[in-house]
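Please read this briefing alongside the sequence and the model.

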Amino acid sequence: QSNAQVIAARERAIALWRQLDNAERLGLNLHWLSRLHWYLGHKKEADKYAVQAIEVLESIAPTAELAMAYSVRSQLLMLNSDYESALMWGERALQLALAQGAFEARIHALNNLGHTLLMLGRPGGEALLKESLALAIAGGFHEQAARAYNNLSFTLMQQCRFADAERFCREGLAFDREHDLDSWSYHLMSLCAQL
């Protein structure tokens, strides 16, 4: 399917869940629409749908979906170098993920927090990123593991820890190829080239 078809399918799902007044499913699809736009480089749309997902999911009792929506918000802020806001949303995501037993949201939030702390030069960031990676691999969350490899490689390179960055680049590339994660391996290949 083309990107346009996938987005259209999510938009149709959003309309249907809105008609059925199912806030949890509506929030889930808004969160995914945000991620799809982010993958395509549509920052404005990604931000808009991330905020909408949170608004919808906060209207009902806390869920694992709300924890992931908070974490996606943290990720988008992190990518925009709004690190203090990214930390705030990441902490909210992690606390709710732990309370809800939301394993993937926990992994995602740990990744955001670790990356952000490393970029700010604050302690604990590398440990959180490595925890995110270990949990993702152990739980079979391949995309989350790929994301952790990318963020470890990038942040360590930014700190001029080139040998460590290269090790995670190479491990990540092998992992991505093993699990057919092409979009993640392209980014790691560019990091390896920079190294």
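Rings of Phe, Tyr and Trp (its six-membered ring) are taken as a pair if their centres lie within 6.5 Å, and planes under 30 degrees apart count as stacked, over 60 as edge-to-face and the rest as tilted. By this rule the count comes to four aromatic pairs. The model is a predicted one, in which local features need pLDDT of at least 70 and side-chain atom pairs count only at pLDDT 80 or more, while totals for chains, interfaces and linings use all residues. Residues are numbered from 1 along each chain as its sequence is written, and side-chain values use heavy atoms, with hydrogens and water left out.

**Aromatic pairs and charges over rings**

- A pair of aromatic rings is described by the distance of the centres and the angle of the planes.
- For tyrosine 70 and tryptophan 89, the ring centres are 5.4 Å apart and the planes stand at 55°, so this pair is tilted.
- Tyrosine 70 belongs to helix α4 (residues 64–79) and tryptophan 89 to helix α5 (residues 83–100), so the pair ties together parts that are 19 residues apart in sequence; helices (H or I, at least four residues) and strands (E, at least two) are DSSP runs, numbered from the N terminus.
- Tyrosine 70 and tryptophan 89 are both buried, where buried means under 20% relative accessible area, exposed over 50% and partly exposed in between (1.4 Å probe, protein chains only).
- Phenylalanine 103 and phenylalanine 141 form a tilted aromatic pair, with 5.8 Å from centre to centre and 45° between the planes.
- Because phenylalanine 103 lies in helix α6 (residues 103–120) and phenylalanine 141 in the loop between α7 (125–139) and α8 (142–158), their pair ties together parts that are 38 residues apart in sequence.
- Phenylalanine 103 is partly exposed, with a relative accessible area of 30%, and phenylalanine 141 is partly exposed as well, at 24%.
- The charged end of arginine 92 sits over the ring of tyrosine 70, 4.6 Å from its centre, the rule being that NZ of Lys or CZ of Arg is within 6 Å of the ring centre and within 35 degrees of the ring normal.
- The charged end of arginine 167 sits over the ring of phenylalanine 168, at 4.3 Å from the ring centre.

**Cysteines**

- A search of the whole structure finds zero disulfides, a disulfide being a pair of cysteine sulfur atoms within 2.5 Å.
- Cysteine 160 is in no disulfide, and the nearest cysteine sulfur, that of cysteine 169, is 14 Å away.
- The sulfur of cysteine 192 has its closest cysteine sulfur in cysteine 169, at 3.4 Å, which is too far for a bond.
- Cysteine 160 is exposed, with a relative accessible area of 53%, and is found in the loop between α8 and α9 (162–178).
- The phi angle of cysteine 160 is near 65°, a positive value in a residue other than glycine.

**Pocket and cavity**

- On a 1 Å grid over the protein atoms alone, a cavity is a set of points where a 1.4 Å probe fits but cannot get out, a pocket is an open set with protein on both sides within 12 Å along at least five of seven lines, and lining residues have an atom within 4 Å of a point.
- The largest pocket holds about 380 Å³ of space, a volume being the space filled by probe spheres set on the points, with grid points joined across faces, edges and corners.
- The largest pocket is lined by 16 residues, of which Trp38, Met78, Leu79, Asn151 and His187 are the closest to its centre.
- Two or more residues of the lining of the largest pocket come from each of α2 (23–39), α4, α6, α8 and α10 (182–194), and α8 gives the most, with four residues.
- By class, the lining of the largest pocket has eight nonpolar, seven polar and one charged residues, with Ala, Val, Leu, Ile, Met, Phe, Trp, Tyr, Cys and Pro counted as nonpolar, Asp, Glu, Lys and Arg as charged, and the others, Gly among them, as polar.
- There is one cavity of 30 Å³ or more, and the largest cavity has a volume of about 30 Å³.
- Arg35, Trp38, Tyr39, Gln75, His108, Arg147 and Trp184 line the largest cavity, and α2 supplies the largest share of that lining, three residues.

**Other single residues**

- Aspartate 180 has its place in the loop between α9 and α10, has a phi near 55°, a positive value in a residue other than glycine, and counts as exposed at 64% relative accessibility.
- Serine 190 lies in helix α10 and counts as partly exposed at 31% relative accessibility.
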